[in-house]
Amino acid sequence: MTATVEPEVGKARLRKEDARLITGRTRWTDNLTVPGLLHLAFLRSPVAHARITAIDVEAARRKPGVIAVFTGRDLAEAQGSLPCAWPVTADQKAPPAPSLAVDQVNFAGEAVAVVVARGKAQAHDALEAIDVDYEDLPVVLDLAAAVADGADLVHPDLGTNKSAHWVFDSAEAGTGSDVEQAIAEAEVLVERTYRQQRLIPAFMEPRSVLVDPTGEQTTVWSATQIPHILRLMLALTTGTPEHKLRVIAPDVGGGFGGKLQVTPEEVVALVVATRLGKPVKWTESRSESLLSAHHGRDQLQKLTLAARRDGTVTGLKVELLADMGAYLRLVTPGVPILGAFMFNAIYKFPAYRFECTNVFTTKTPTDAYRGAGRPEATCAIERLMDELAAELGRDPIELREQNWIKHDEFPFTTVCGLEYDTGNYEAATAKAKEMFGYDQLRAEQRERRERGDTVQLGIGTSTFTEMCGLAPSRVLGSLSYGAGGWEHAAVRMLPSGKVEVVTGSSAHGQGHETAWSQIVADQLGVPFEDIEVLHGDTQSSPRGLDTYGSRSLTVGAMAVLKAGEKVIRKARRIAAHMMECAEDDLEFTAGKFTVKGTERATAITDVALAVFAAHDLPDGVEPSLDSEATFDPDNFSFPHGTHLCAVDVDTETGFVKIRKYVCVDDVGVVVNPIIVEGQVHGGLAQGLAQALYEEAVHDESGTLTTGTLADYLIPSAVDLPHFDTDRTETPATSNQLGVKGVGEAGTIASTPAVVNAVVDAVRHFGVNDIQMPCTPMRVWTAINGGPTDAGGLGTEAGGGLGSIDTSGGAA
Amino acid sequence: MRITVTVDGTTYTDDVEPRQLLVHHLRETIGKTGTVVGCDTSNCGSCTVHLDGQSVKSCSVLAVQADGAEITTVEGLARDGALHPVQQAFHDNHALQCGFCTPGMIMQSIDLLADNPDPDEQAVRHGLEGNLCRCTGYQNIVRAVQDAADRLKPGSTQAQPVGSES
Ligand code: FES
Ligand code: FES
């Protein structure tokens, strides 16, 4: 067997995963079937807020093929309450969260009954025969109105719509000075209110779950990002013994936080399958997905930035209202809190205060969506920096540089108490400016402005950082998160020299099978092809905390590396015995133990075979090289980058066209550059979509009007530009690999770059904000002197691509 | 109703409900689960197959309408164990992440290239407008289609992939 020579890490390896995906040999949950499979269909509330006064399911029970029909009352005890793992404050208020509503519905789309039938179509047909009487309650849709005195209440039993109030104050924490004093003494104040609109994760594979209770263990296949968390939570929620549950995430078609959830449908499928003793499957339609799968973002941000006339920032105050929707799902309350540490971004604010009120409304619950809390924060601060630059008549990049942490100031402890390990904002920005042609574009902008061109050029900047590698268990604990953030891995040497890598990370498009193989190939000196990565099944990868928060490489792959180190340590002892030398005399490179200064060598694969035979091992040594490790880092990682966007804005139509998009990201050491580039592209697409196209809109009765892909505008290939991407590489010091994570970077950075560009294009019309998404209608209205800020123009379904559907939103 | 369809070279005769969509017939009756369903409004293109040589969204065709037709799915593209050049180009250009949109994207790309063997970037983007991808931002898909166009040109040697090896 030949050892690998050229390092695998850093190589543009094509993905192992692709072979099955490009030929259709896939294992999506909905592809799977088992003998005697029954199908579920859910009846969902058409109204946003009502008491259920009666449900009649008798006619549905008699429909062809129907095996059973259950209401919330039928399952009330067994279904328990859906879990929320993140009580952000000790006095957080939370209503019970039944999977099937029992006596009240709190958002349109909430499930109220489930039909079990032999065929999927039969199950759906029977839904029509269910009769529900609703007694309307007042809807609660507007965040600001929801927290006003005397507001209608979503959950009257709680006595308030406020779930929690969470505060960080740098003066109180001793990490900075008093923001009120900074504001009082400010020479310049920038005060804005921004709306982070509600988005829908909209992964392409609809959610699906299949539960087979006929084995000794009940097996749950689910289109989930979190098989391990799901297993524990299903056990705790339904009382099923944890060891009697096996959860498998087979091929999973994207998640973006949207499949970081314990869903009502998963719980109901388990409860119903257990009750009937029969396997059941549910696969959602796209409309069901948009309506009832959790949404993301949705904040009202009141911001005050204090500065001196010379451009030095002196304080930042953030007051948020964050929309929880009708219930607290798995990590709902913690999402805005993740942003608490990011509003100060890369800048040296001496004083900072963040307060967030989590608010219930009668809308679909919100939860994690790519970036979760950090895009909201980054968008706000990057918009504010442009506003400060405009106020002072300064170049926005130069103003940022005046305030950001210089490369020789790392490690740097921020005003929130986070320690940024490394970074080089100067390098990334210089490279981005050059690729962009920043000075030329500014010159062109001046020329076109003077000429009064009807199409105006705008330039937007975003110099972002993020905290990712969501892990340090102690930090998560200090934020009251209900679990740790470690990750687990195992490395198994097979007798034939092949290697199995077991990981608790659960990929759904990220390419872990390829990247983990590259890392292990280098470490053990075995060929890339000889490594198999096992994941996504609680039977083969028994421990894990799954994939979200750009944590897989920084935490999950680090666990793999640690397990590999143990394998080598065990093998070294046996190799020394085989070659009759001392362990210290051996060096291990390229898969071989060599006696220093000699030609004598033994491959680790030969050691694996010797261990398998176990005929001649040192005394007290167990016949196995297999090792496992659990890794918990000390700190987050902090990728950063500079994104520059140029837009052409047609001042007569309000239409925005992205002309150029350049980004230079620093994600630390890169394991596989093509996977990294792909992650950046996909992240950019979602961030741009927030800036220009996407918004979940509810009408005045609380009905989602963007309930199909014709109304909720996921951009197509035509709607997105070509991206010019590049990297600088400042290795992280918080992990041995030097990696920082890349899953969320593009999304976090790009939204404010685009909005800044749009506002920059039309600022000379007196515009200082345009609410997202910057649809032609909103841009045109801003130019023509209409309302532009968060209190401005009503939302419009389908506006982003020039649609004329203006059926207004109430929110 | 009884219909006969030829899918990826094999002929199947089955009784179907008149309301059965072609995509469900392919997935549930014939077992061609390589073709997937991503929406219920014919917007996403995940279900794209070739029906008598033309790409169609198989969620917008009734199974009975396909009676007597010849259908190719992503599972029927490889010949003698060799990938179709478009499949190969998707792999070589990292044009997929989760891969859910990929069968539809590949089928639509083949159709696009049949109509326009040498598309520029904008032509590819327009040709794929009816196929949504949430993972890739489309850039590598566009690159893959143009790469495939080069490979499909008569007499061309295979274009160099960006990755080091497959
Ligand atoms: S499934 Fe979406 S277009 Fe056919
Ligand atoms: S690769 Fe995931 S949707 Fe396209």
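Reply: Contact means that heavy atoms lie within 4.5 Å. Please keep in mind that this is a predicted model.

Me: Which residues does Ala432(A) touch, not counting residues up to four places away in sequence?

Reply: Ala432(A) touches Thr642(A), Leu644(A), Val662(A) and Val664(A), with residues up to four places away in sequence left out. Ala432(A) itself belongs to helix H14, residues 425-436 of chain A.

Me: Is Ala432(A) buried or exposed?

Reply: A residue counts as buried under 20% relative accessible area. Ala432(A) has a value of 0%, so it is buried.

Me: How many cavities of 30 Å³ or more does the structure hold?

Reply: There are 12 of them. The largest cavity has a volume of about 760 Å³. Its lining comprises 49 residues, and those nearest its centre are Gln510(A), Thr547(A), Ser550(A), Arg551(A) and Gly743(A). By class, the lining of the largest cavity divides into 25 nonpolar, 20 polar and four charged residues.

Me: What volume does the second largest cavity have?

Reply: The second largest cavity holds about 130 Å³ of space. It is lined by 17 residues, with Glu17(A), Arg20(A), Ala507(A), His508(A) and Gly509(A) closest to its centre. Helix H1 (18-23) and H17 of chain A each give two or more residues to this lining.

Definitions and conventions. Residues numbered from 1 in each chain as written. Chains lettered and ligands numbered in written order. Predicted model: local features only at pLDDT ≥ 70, side-chain atom pairs only at ≥ 80, totals over all residues. Heavy atoms only, no water. Helix = DSSP H or I, 4+ residues; strand = E, 2+ residues; numbered from the N terminus. Buried < 20%, exposed > 50% of the residue type's maximum accessible area, 1.4 Å probe, protein only. 1 Å grid on protein atoms, 1.4 Å probe; cavity = no way out; pocket = protein on both sides within 12 Å on 5 of 7 lines; lining within 4 Å. Points joined across faces, edges and corners; volume = space filled by probe spheres on them. Nonpolar A, V, L, I, M, F, W, Y, C, P; charged D, E, K, R; others polar.
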